[in-house]
There are 2 protein chains.
Amino acid sequence: MSTSIRLAIDVMGGDFGPRCIIPAALRSLALYPSLHLILVGSADAIKPLLAAARYPADRITLLPASEQILADDPPARVLRGKPDASMRVALELVRDGRADGCLSAGNTGALMVLARSVVGMLEGVQRPAIMAALPVAGHDCHVLDLGANVDCSAEHLLEFALMGSAAVTQLTGNSSPRVGLLNIGHEVNKGTREVRAAAALLAASERLNYVGHVEGDGLFRGEADVVVCDGFVGNVLLKASEGVASYLQSEMRDALQASRLLRWMSPWVRRSLKPMRQRNDPDRHNGASLLGLRSVVIKSHGGAGEEALLAAIGKAVKACEANLPARIADQLRAAR
Amino acid sequence: MSTSIRLAIDVMGGDFGPRCIIPAALRSLALYPSLHLILVGSADAIKPLLAAARYPADRITLLPASEQILADDPPARVLRGKPDASMRVALELVRDGRADGCLSAGNTGALMVLARSVVGMLEGVQRPAIMAALPVAGHDCHVLDLGANVDCSAEHLLEFALMGSAAVTQLTGNSSPRVGLLNIGHEVNKGTREVRAAAALLAASERLNYVGHVEGDGLFRGEADVVVCDGFVGNVLLKASEGVASYLQSEMRDALQASRLLRWMSPWVRRSLKPMRQRNDPDRHNGASLLGLRSVVIKSHGGAGEEALLAAIGKAVKACEANLPARIADQLRAAR
């Protein structure tokens with residue numbers, strides 16, 4: 001690994017495209033002095049945004065790409081059409097060793113399919129997995145898979161556990177993260193056939209600090225640092241938790257607005273709630289890791305604003321600095 | 001249906017047993033003038049609690065049962081051991097027509113197994129399902145299955161949709177509840193094989209107001225009145241949403257306590273938040289329906305206190321008054 005980090009950013013992805021990604025990218029240069037960015041996308045869209053800004057020109061490279069992956073592009077079109085799509089070009093930079101990692105806020109399914117095809121999988125990995133952190137009591141809980149694989153065998157779930165545990169060690173410094181298996185009860189006979197079989201594999205692995213079954217509520221009580229599940233369940237869990245949080249926040253806002261006294265006091269109320277809001281800010285948790293690939297690939301939420309994109313860039317930098325794919329490969333080799 | 005409702009209550013189930021269930025039962029008599037209760041359990045535990053209270057003696061029957069289903073009793077022991085368990089005796093009252101419905105706060109798996117065996121399933125029903133209401137934007141969303149069936153075929157999911165739709169019409173008065181299928185995206189090719197096949201069956205059913213795929217966040221935005229999923233996913237969703245809500249409430253409490261001004265203002269803050277707290281109070285939503293059985297069987301949360309048990313009794317009364325099993329049977333017959 002060189003001392004500087006070269007990150008390729010697909011600036012055409014996401015709901016807001018370059019006008020949100022470019023400002024976040026420029027701000028990230030001030031935060032990470034060793035960072036060099038390669039901005040991939042429409043030169044017509046990027047150049048005016050760069051021209052209007054001040055930035056260290058030697059740390060930014062613009063790489064034009066004439067096409068763009070759309071939110072509803074089917075996998076076949078992603079794989080065989082659009083050879084000059086910004087997402088593909090960014091991944092090719094990683095494949096060719098011209099970038100250490102890649103970040104995109106585009107179509108998740110397309111990113112997964114293209115990354116497998118262009119960057120390739122680590123030796124012996126059967127399925128890549130999407131991992132992200134959720135704020136839970138006292139810390140962050142990393143959950144995987146969040147939607148890359150709807151059907152998973154016990155062996156896939158073991159692989160996710162090994163990859164997730166290695167990744168969390170690198171990303172958080174926790175040398176022995178507690179790994180839980182998402183289930184619907186603590187008893188050994190609970191869950192689907194795959195989950196019961198996975199429980200036996202996880203318990204038998206010497207590479208894991210396995211803490212057993214974790215339920216949906218236990219996850220948010222902080223019972224584990226890594227929680228493993230198939231991508232269907234993980235995606236429902238992730239979106240439901242976002243849904244509940246945003247519903248309760250709007251209920252709270254309405255309740256505080258309904259009282260004339262509290263409305264008048266809102267500057268003080270807001271100030272008191274600020275640390276809690278910051279701790280649980282979804283923006284701060286933006287940036288999911290695609291694990292099992294040969295290089296660092298980070299997916300930002302499509303609806304991410306500038307702050308959220310800045311957080312995702314931070315995750316990408318950390319993953320590159322830790323050389324996450326190599327550490328995951330070590331873990332998988334040691335577990336065999 | 002007689003004009004009075006006879007409800008059998010297993011008073012030995014739940015974390016707090018008779019000392020919580022008996023007071024709730026006695027209070028329910030004042031709320032539901034047509035209600036008659038049959039309290040099933042240890043006479044030694046029940047009699048002192050009744051002796052200390054004032055109540056209309058002609059509306060309470062005590063039926064002694066010498067045994068009790070425990071939280072960790074395996075299904076075989078539940079089915080073949082303990083012939084005089086309070087849960088079993090309460091279900092036998094329903095089977096024999098001596099009660100219109102049954103309520104228990106005991107072991108969910110045991111209640112499901114015993115209810116199938118003692119009360120029996122409606123004709124043509126393949127799987128019973130557990131349904132409960134979650135508070136979402138603007139209304140309640142009923143979700144099923146919440147844990148009775150970890151593996152479900154497309155036909156099972158269709159059956160859940162038909163049963164849930166009929167039940168919600170009876171319980172809420174909504175003559176055409178919007179039915180959604182829980183999935184991880186809106187596109188038709190999303191989800192597991194079973195979910196994709198279920199989507200086709202639900203879309204083809206003339207008995208359903210089917211609104212398509214609903215994601216975890218869409219559920220909490222109120223996109224459907226009934227959401228259908230397999231019991232593994234439903235149980236994770238239910239517990240995760242409880243987990244997030246309770247985590248955010250404790251964060252909020254800590255934040256308000258940390259400010260001296262807001263601590264001093266806590267009576268006003270509390271008053272402002274009260275309507276929201278009441279609307280989203282898990283106690284108010286206690287009482288899951290076991291659908292697909294020949295009679296009304298309601299499961300209370302094991303950790304339910306007096307208020308929550310009162311809510312569950314209310315659900316049981318409503319389900320008995322509507323003769324829910326007969327309406328579900330009508331719906332299933334019409335859909336064939």
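Author: Start with what pairing means: two strands pair if DSSP finds at least two bridges between them. The model here is predicted. In chain A, strand E5 (residues 129-136) and strand E6 (residues 139-144) pair in the antiparallel sense over six bridges. One residue of that pairing is Ala133(A), and its bridge partner in E6(A) is His142(A).

Reader: How many residues lie between E5(A) and E6(A) in the hairpin?

Author: There are two residues between E5(A) and E6(A). Gly138(A), in the turn, has a positive phi of about 85°.

Reader: Which strand pairs with E6(A) in the parallel sense over three bridges?

Author: First the general idea: strands of a sheet pair through backbone hydrogen bonds, either parallel or antiparallel. Strand E9 (residues 226-228) of chain A is the parallel partner of E6(A).

Reader: In what order do the strands of the open sheet in chain A come?

Author: The order is E3-E2-E1-E4-E11-E10-E5-E6-E9-E7-E8, eleven strands with mixed pairing. Strand E3 (60-64) and strand E8 (209-214) of chain A are the edge strands, and each pairs on one side only. From one strand to the next, the twist averages 25°.

Reader: Over how many bridges do E4 and E11 of chain A pair?

Author: Strand E4 (residues 101-104) and strand E11 (residues 296-299) of chain A pair over four bridges, in the parallel sense. Within this pair, Leu103(A) has Ile298(A) in E11(A) as its bridge partner. A helix packs on the sheet as well: helix H1 (residues 18-31) of chain A touches strand E1 (5-10), strand E2 (35-41) and E3 of chain A. The direction of H1 makes about 165° with that of E2(A).

Reader: Turning to chain B, why is one side of strand E3 and of strand E8 left without a neighbour in the sheet?

Author: Chain B also has an open sheet of eleven strands with mixed pairing, in the order E3-E2-E1-E4-E11-E10-E5-E6-E9-E7-E8. Strand E3 (60-64) and strand E8 (209-214) of chain B stand at its edges with a single partner strand each, so one side of each has no neighbour in the sheet. Neighbouring strands of this sheet are turned by 25° against each other on average, direction ignored.

Reader: Which helices of chain B lie on these strands?

Author: Helix H1 (residues 18-31) of chain B packs on the sheet, touching strand E1 (5-10), strand E2 (35-41) and E3 of chain B. Its direction makes about 165° with that of E2(B). Helix H5 (residues 108-118) of chain B lies across strand E4 (101-104), E5, strand E10 (288-291) and strand E11 (296-299) of chain B. H5 runs at about 170° to E11(B).

Reader: Is the peptide bond from Leu144(A) to Asp145(A) cis or trans?

Author: That bond is cis, with omega near 0°. Asp145(A) lies in the loop between E6 and helix H6 (154-172) of chain A. In chain B, the peptide bond from Leu144(B) to Asp145(B) is cis, with omega near 5°. Asp145(B) is found in the loop between E6 and helix H6 (154-172) of chain B.

Reader: What area is buried between chain B and chain A?

Author: The size of an interface is often given as the accessible area lost when the parts come together. For chain B and chain A this area is about 4200 Å², and carbon and sulfur atoms give 75% of it. Ile184(B), Phe232(B) and Tyr247(B) supply 16% of the area that chain B buries against chain A, more than any other three residues. The contact takes 44 residues from chain B and 44 residues from chain A.

Reader: How many salt bridges are there between chain B and chain A?

Author: The count is four. In one salt bridge, Arg279(A) is joined with Glu251(B), and the closest N and O atoms are 2.9 Å apart. Between chain B and chain A, 13 residue pairs are in polar contact.

Reader: Which element gives the most to the side of chain B that touches chain A?

Author: Helix H9 (231-258) of chain B is among the elements that give two or more residues to that side. H9(B) gives the most, with 17 residues. By class, the side of chain B that touches chain A has 27 nonpolar, eleven polar and six charged residues.

Key. Residues are numbered from 1 along each chain as its sequence is written. Chains are lettered from A and ligands numbered from 1 in the order in which they are written. This is a predicted model: local features need pLDDT of at least 70, side-chain atom pairs count only at pLDDT 80 or more; totals for chains, interfaces and linings use all residues. Side-chain values use heavy atoms; hydrogens and water are left out. Contact means heavy atoms within 4.5 Å. Buried area is the accessible area (1.4 Å probe) that two parts lose on being put together, summed over both. A salt bridge is a side-chain nitrogen of Lys or Arg within 4 Å of a carboxyl oxygen of Asp or Glu. A polar contact is a pair of N or O atoms within 3.5 Å; within protein, one must be able to donate a hydrogen and the other to accept it, and residues adjacent in sequence count only if both atoms are side-chain atoms. Ala, Val, Leu, Ile, Met, Phe, Trp, Tyr, Cys and Pro count as nonpolar, Asp, Glu, Lys and Arg as charged, and the others, Gly among them, as polar. Axes are lines fitted to C-alpha atoms, for helices over the stretch in contact, and angles run from 0 to 180 degrees between N-to-C directions.
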